[in-house]
Amino acid sequence: MFAHLRVVNTLNIQLRKQTPLQVRALTSIPTITTKPSQDLSNRQKFKQLQPPLKLYEKLERLGFGTLLKTKRFSGLHKQKERKDQQKLKHTTRVGPPPEPKYSASFPLLSFFAGAKTPKSIPHESLDEIAFVGRSNVGKSSLLNSLAESAIVRTSDKPGLTQQLNFFNVGKLFHMIDMPGYGFAFAQEEDRIQWKELMETYISTRKTLKRVYVVIDARHGIKVADTEFLKMLNTKQVKFQIVLTKSDLLVLPNLARRILTVENDIKQYRNAIKDVVVVSSKTGCGINQFRKEVLFLVENLKPKVFYEQIEQEKAEKHAKYLKNNK
């Protein structure tokens, strides 16, 4: 830019000193233009996303915290204040405050079958929901959090799950832990075998209600994920994205990640548009996800049912402490 200004100033000085004929010759010199700015990087585009207030309110309800009251988010806070004032203006509360949201729970989780080949897949019986994702995205920890158990093996070493693992959730339904895809260090023969196993199960299972594709919230949808989602969509299998490790992102970036994932899955007809957001470490979003799963398999009970279970657990724990004093 400064070089351009120097050339223009020099040209103006020369014009004042030259004859009209010389001026016409000098003005034919091409002007210097600056190069257009480069396209924004993916990181810059990500930072420019502006999640709506509704999304922040959803994350707050799930337990992921609230926005800091800083100048950057002042517009959203003012919007929330106006919304709250509108609610108070048109709502008259009578009686006690609303009761806290109840906790749902699964029956006892138990392993009953493992399948390394399509021929060893057990026969269909109860409704099934399957969990799949890239290696080391926190799939096993998610299953343990949902079931409030430690029956599913977890490890920091990727590629631990190498077969279809079938679990009874009481007598209500089955949960299936599928092998991780995109594991770069597995043998080519093993990867082909896992791919064939998963595709056979997914495309032939009539009792399969939904496939939950587990994604690391820090990284979003990667190439290996896209390939798997395309396969699910082609086979007309209903699937839903579950973002794990969501506690490792600050709230604005978590909201932005949800927006990018929602945008990525718009192209798939068989994708459930609502993105599940959880953290196995803090428990945020787990109870809500558990209730959604129970509703999907038509086994979500009334609140009193789960309150009675919690009361029985508390009584057993108190009795245990009393007997072990």
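**Rings, helices and cores**

Mentor: Begin with a cluster: ring pairs join Phe112, Phe166 and Tyr201. Rings of Phe, Tyr and Trp (its six-membered ring) pair if their centres lie within 6.5 Å; planes under 30 degrees apart are stacked, over 60 edge-to-face, and the rest tilted. Keep in mind that this is a predicted model: local features need pLDDT of at least 70, side-chain atom pairs count only at pLDDT 80 or more, and totals for chains, interfaces and linings use all residues. Residues are numbered from 1 along each chain as its sequence is written, and side-chain values use heavy atoms, with hydrogens and water left out.

Trainee: How many aromatic pairs does a search of the whole structure find?

Mentor: The search finds 10. Take Phe112 and Phe166: their rings sit edge-to-face, 5.9 Å centre to centre, with 65° between the planes. Phe112 is in strand E1 (residues 109-115) and Phe166 in strand E3 (residues 164-169), so this pair ties together parts 54 residues apart in sequence. Helices (H or I, at least four residues) and strands (E, at least two) are DSSP runs, numbered from the N terminus.

Trainee: Is Phe166 buried or exposed?

Mentor: Learn the scale: buried is under 20% relative accessible area, exposed over 50%, and partly exposed in between (1.4 Å probe, protein chains only). Phe166 counts as buried because its relative accessibility is 0%. Phe112 has 34%, so Phe112 counts as partly exposed. Now try a stacked pair: Phe131 and Tyr212, 5.2 Å centre to centre, with 25° between the planes. That pair links distant parts of the chain, with Phe131 in strand E2 (residues 128-133) and Tyr212 in strand E5 (residues 208-216), 81 residues apart. Phe131 is buried at 0%, and Tyr212 is buried at 1%.

Trainee: How do I describe two packed helices?

Mentor: Give the angle between their axes and the distance between the axes. Axes are lines fitted to C-alpha atoms, for helices over the stretch in contact, and angles run from 0 to 180 degrees between N-to-C directions. Helix H7 (residues 188-204) packs on helix H8 (residues 223-234) at about 35°, with axes 10 Å apart.

Trainee: Which residues in H7 and H8 meet?

Mentor: Met198, Glu199 and Ile202 of H7 meet Phe228, Met231 and Leu232 of H8. By class, five residues in this contact are nonpolar, none polar and one charged. Here Ala, Val, Leu, Ile, Met, Phe, Trp, Tyr, Cys and Pro are nonpolar, Asp, Glu, Lys and Arg charged, and the others, Gly among them, polar.

Trainee: What tends to happen to nonpolar side chains?

Mentor: In soluble globular proteins, they tend to be buried together. A nonpolar core is a set of buried Ala, Val, Leu, Ile, Met, Phe, Trp, Tyr and Cys residues joined through side-chain atoms within 4.5 Å. The largest core here has 46 residues, and Tyr201, Val213 and Leu232 have the most contacts inside it. Helix H9 (residues 251-264) gives the most to this core, five residues. Apart from it lies another core of 27 residues, including Phe131 and Leu146.

Trainee: What is Val213 in contact with, leaving aside neighbours within four places in sequence?

Mentor: Contact means heavy atoms within 4.5 Å. Among the partners of Val213, with those neighbours left aside, are Val132, Tyr181, Leu229, Leu232 and Phe239.

Trainee: How many residues of helix H6 are buried?

Mentor: Eight of nine, in a helix that spans residues 139-147 and is mostly covered. Lys139, Leu142, Leu143 and Asn144 are among the buried ones. The buried residues of H6 pack against E1, E2, strand E4 (173-177), E5, E6 and H10. Glu148 follows H6 and has a positive phi, near 50°. Just after H10, Glu298 also has a positive phi, about 60°.

Trainee: Where is His123?

Mentor: His123 is in the loop between E1 and E2. Its relative accessibility is 76%, so His123 counts as exposed. His123 and Arg205 are 82 residues apart in sequence, and their C-alpha atoms are 9.4 Å apart.

Trainee: And the protein as a whole?

Mentor: There are 11 helices and seven strands. Of the 325 residues, 38% are buried. Among contacts with a separation of 6 or more, 74% are between residues 24 or more positions apart.
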